[in-house]
Amino acid sequence: MCGIIGFVGKKSASPILLEGLRRLEYRGYDSAGVALLHEGSLLVRKKKGKINDGLARLLKSEPVKGSLGIGHTRWATHGAPSDKNSHPHLDQSGKISVVHNGVIENYDSIKQKLLNNGHVFKSDTDTEILAHLIGEYYEKRRTKNGWGEHPREPKASDGSGLSGASPHQTNGNGENPLTLAVCDALREVIGTYGLAVICAEQPNTIVTARRGSPLIIGIGNGENFIASDANAIVAHTKKVVYLNDYDVATITPERFDVLNLGTDTANVQISKLEFDAEDAQRGKHAHFMLKEIYEQPQTIANAVRGRLDFEGATARFGGLNMSIAELRGIERIVIAASGTSWHAALVGEYLIEELAQIPVEVEFAHEFCYRHAPLERDTVLLVLSQSGETADTLAALREAKRRGHRTLAIVNVVGSTIARESDGGIYMHAGPEVAVASTKAFTCTLLCTALLALNLGRVRDLSAADGKRLIAALGRIPDQIRQVLAERERIRQVAVKYMQRSSAFFIGRTHAYPVALEGAQKLKEISYRHAEAYQTSELKHGPLALISPDVPTVAIVPNDELLDRNIGALHEIAARSGPLYVVTHPGVQVPDGAAAVIVVPKNEPELDPILLTIPLQLLAYHASVALGHDVDKPRNLAKSVTVE
Ligand code: BG6
């Protein structure tokens with residue numbers, strides 16, 4: 001996925017776009033670029049690589065003026081990272097500039113048609129095709145002999161004073177030819193897009209549109225913004241409009257008009273952002289990932305706040321939109337998610353089955369749509385997603401809705417597409433998570449899933465005593481996390497000394513297996529070391545063959561009913577000289593010769609995965625720092641992927 005931003009107003013656009021792109025860079029960092037309009041000419045600056053190494057330096061040496069502009073930071077899909085494939089892209093006339101987040105699936109056939117019309121392309125991207133297509137339609141519209149039917153006149157949508165002076169350049173019917181041209185082009189396009197378009201002949205206008213990729217309008221005072229997410233513009237305004245699929249908006253300094261290509265009227269309203277610009281800043285920490293690891297005592301407390309019903313010994317939520325009878329009627333739950341959220345789903349499976357006795361299946365979101373599994377009528381789909389924009393997870397949600405199933409979501413980003421399209425859900429309240437490798441959102445997902453399991457259990461047979469036990473345990477988590485964080489220096493030494501081998505194993509059983517998966521994922525994501533996670537008991541059925549002095553094993557060994565079995569497995573590894581690093585609870589005797597033992601405070605089995613994960617986050621963090629990698633923006637990854 002990419003990040004796009006746009007500004008129209010009176011101020012100099014360049015610094016606003018650059019700062020916004022920096023805040024969007026976790027969405028993709030293969031290249032970045034801006035296009036500004038100044039005195040009738042379009043000025044484009046774009047460069048391969050991360051903003052600090054590329055675009056920022058270019059803008060310093062070749063600054064650009066103008067109070068209208070668009071910008072882009074790229075996660076490459078079509079065309080390798082390079083200067084020529086960087087956005088913005090221009091149309092054939094050079095008058096129209098486009099930035100785009102998404103994938104145009106039928107770009108090849110459109111390209112062929114345009115090549116036959118004499119177009120010449122400079123890049124390998126699908127987006128340049130779109131720019132040329134819009135340019136072709138614009139020429140037609142501009143000369144009023146438009147192609148095909150005219151789209152409907154945009155209906156007043158925001159009440160932000162559609163009357164009064166309109167700076168739009170319009171044709172004879174009062175319609176803006178750029179808006180019309182974008183609509184024409186999008187009717188021909190198959191694929192996903194969040195895009196912004198400016199034109200040298202339209203000094204006060206940005207046209208923007210979305211289908212599948214997130215896009216918001218930021219409403220200022222005599223200025224307006226567009227962005228892929230709120231992080232990029234929260235420093236300027238907290239008044240935002242979340243666009244829906246097929247919305248096309250025409251934005252000027254004073255107003256915005258939204259039409260919808262699919263329906264008669266666009267259904268948008270103004271929302272208020274819940275967080276501040278500082279929340280998305282690194283502060284004193286060397287990296288966002290470290291800041292977010294250290295925020296966990298607070299984010300866990302935020303996720304619990306206001307959700308505990310001490311009298312009922314249960315958890316309650318404001319947004320599930322289900323009555324007690326409906327909650328009681330749930331027969332089965334399918335949890336769909338991707339990446340780190342999928343690991344959280346595996347813990348959720350244990351919690352909901354144990355506390356609520358509801359059968360649970362966990363699906364990779366990207367497989368759910370294509371598995372055609374038979375689902376009972378009262379099966380609920382629960383999706384987990386930090387960003388609320390991951391295309392695979394969104395597709396699973398839409399598939400379940402299409403099949404008539406109720407959908408619930410546990411999401412961090414307020415107003416995200418998954419949050420708005422699910423029937424009900426739970427916000428994590430973890431605040432903006434900027435580092436690509438998810439940490440606080442993972443532990444908050446575990447927490448929210450535990451609260452949901454408690455709620456579902458208490459409308460079934462879970463006793464009040466058990467409810468009280470869990471509620472008391474929840475209260476202990478923030479301080480226990482602080483105790484683990486206090487072990488950071490020791491964990492750093494283990495990471496620096498041992499975690500730089502070319503390969504590592506992570507092992508755990510039952511609730512600890514997803515923790516092992518997450519530990520391996522973190523190490524892979526940011527240290528680029530191969531790491532695999534196994535159910536501890538599975539080792540002897542194959543992977544044990546790989547155990548050698550060169551392959552460290554990180555063993556998650558909670559003090560639970562499987563302790564003896566786990567210790568047995570550690571002995572099998574030690575017997576084959578496999579270096580052992582054990583994450584365990586107080587009082588657990590691990591085999592002599594273990595290279596390192598990291599002890600975390602014990603909580604209730606249902607909540608132990610939260611605490612057992614923290615040392616693995618720090619292990620990966622310090623291994624990555626020791627290897628000199630860009631911890632927050634690991635190669636080839638993006639914060640959430642909005643293309644399937
Ligand atoms: C990937 C991110 O793109 O998406 C992972 O790099 C993340 O960190 C995964 O876990 C799923 O994202 P989300 O937002 O749906 O939880």
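Predicted model: local features only at pLDDT ≥ 70, side-chain atom pairs only at ≥ 80, totals over all residues.
Figure 1. The side chains of Lys113 and Glu188 form a salt bridge, with N and O 2.7 Å apart. Distant parts of the chain are linked by this pair: Lys113 belongs to helix H3 (residues 107-116) and Glu188 to helix H5 (residues 177-188), 75 residues apart.

**Figure 2. Division of the chain and the contact between domain 2 and domain 3.** The protein chain comprises domain 1 (3-272), domain 2 (281-483) and domain 3 (487-644). Between the C-alpha centres of domain 2 and domain 3 the distance is 24 Å. To their contact, domain 2 contributes 49 residues and domain 3 contributes 40 residues. About 3,800 Å² of area is buried between domain 2 and domain 3, and carbon and sulfur atoms account for 64% of this area. The interface of these two domains is crossed by four salt bridges, and 21 residue pairs are in polar contact across it. On the side of domain 2 that touches domain 3, at least two residues come from each of helix H6 (288-294), helix H7 (296-304), helix H9 (339-356), helix H11 (391-402), H13 and helix H14 (464-485). The most residues on this side, ten, are given by H9.

**Figure 3. The salt bridge of Glu433 and Lys639.** The closest N and O atoms of Lys639 and Glu433 are 2.7 Å apart, in a salt bridge. Lys639 is in the segment after H18, whereas Glu433 is in the loop between strand E21 (424-427) and H13; the pair thus joins distant parts of the chain, 206 residues apart. Glu433 counts as buried because its relative accessibility is 3%. Lys639, at 10% relative accessibility, counts as buried too.

**Figure 4. The largest nonpolar core.** This core contains 101 residues, and Ile352 and Phe506 have the most contacts inside it. Helix H13 (residues 440-458) is the element that gives the most to the core, supplying twelve residues. At least three residues of the core come from each of domain 2 (281-483) and domain 3 (487-644). Beyond residues up to four places away in sequence, the contacts of Phe506 include Ala516, Leu523, Tyr534, Val554 and Leu616.

**Figure 5. The surroundings of Gly508.** Strand E22 (residues 503-508) contains Gly508. With a relative accessibility of 0%, Gly508 counts as buried. Apart from neighbours within four places in sequence, the residues in contact with Gly508 are Tyr513, Ala516, Tyr534, Gln535, Thr536 and Ile556. Glu223 is 285 residues away from Gly508 along the chain, and 54 Å separates their C-alpha atoms.

**Figure 6. Helix H7 and its packing.** The buried residues of H7 are Gln296, Pro297, Thr299, Ile300, Ala303 and Val304. These buried residues pack against H6, strand E15 (308-309), H13, H14 and helix H18 (608-626).

**Figure 7. Asn85 in a loop.** Asn85 is located in the loop between strand E4 (68-74) and strand E5 (89-90). Its relative accessibility is 1%, so Asn85 counts as buried. A polar atom of the Asn85 side chain lies 2.8 Å from the backbone nitrogen of Asp124. When residues up to four places away in sequence are left out, Asn85 touches Arg74, Gly79, Ala80, Ser123, Asp124 and Thr125.

**Figure 8. Further salt bridges.** In the whole structure, 40 salt bridges are found. One network of salt bridges links Arg332, Glu361, Glu363, Arg371 and Glu376. Glu487 and Arg490 also form a salt bridge, in which the closest N and O atoms are 3.8 Å apart. Glu487 counts as partly exposed at 28% relative accessibility, and Arg490 counts as partly exposed at 36%.

Technical notes: Residues numbered from 1 in each chain as written. Heavy atoms only, no water. Core = buried A, V, L, I, M, F, W, Y, C linked by side-chain atoms within 4.5 Å. Buried < 20%, exposed > 50% of the residue type's maximum accessible area, 1.4 Å probe, protein only. Helix = DSSP H or I, 4+ residues; strand = E, 2+ residues; numbered from the N terminus. Domains from an automatic or database assignment. Contact = heavy atoms within 4.5 Å. Buried area = accessible area lost by both parts, 1.4 Å probe. Polar contact = N/O pair within 3.5 Å; in protein donor to acceptor, adjacent residues only side chain to side chain.
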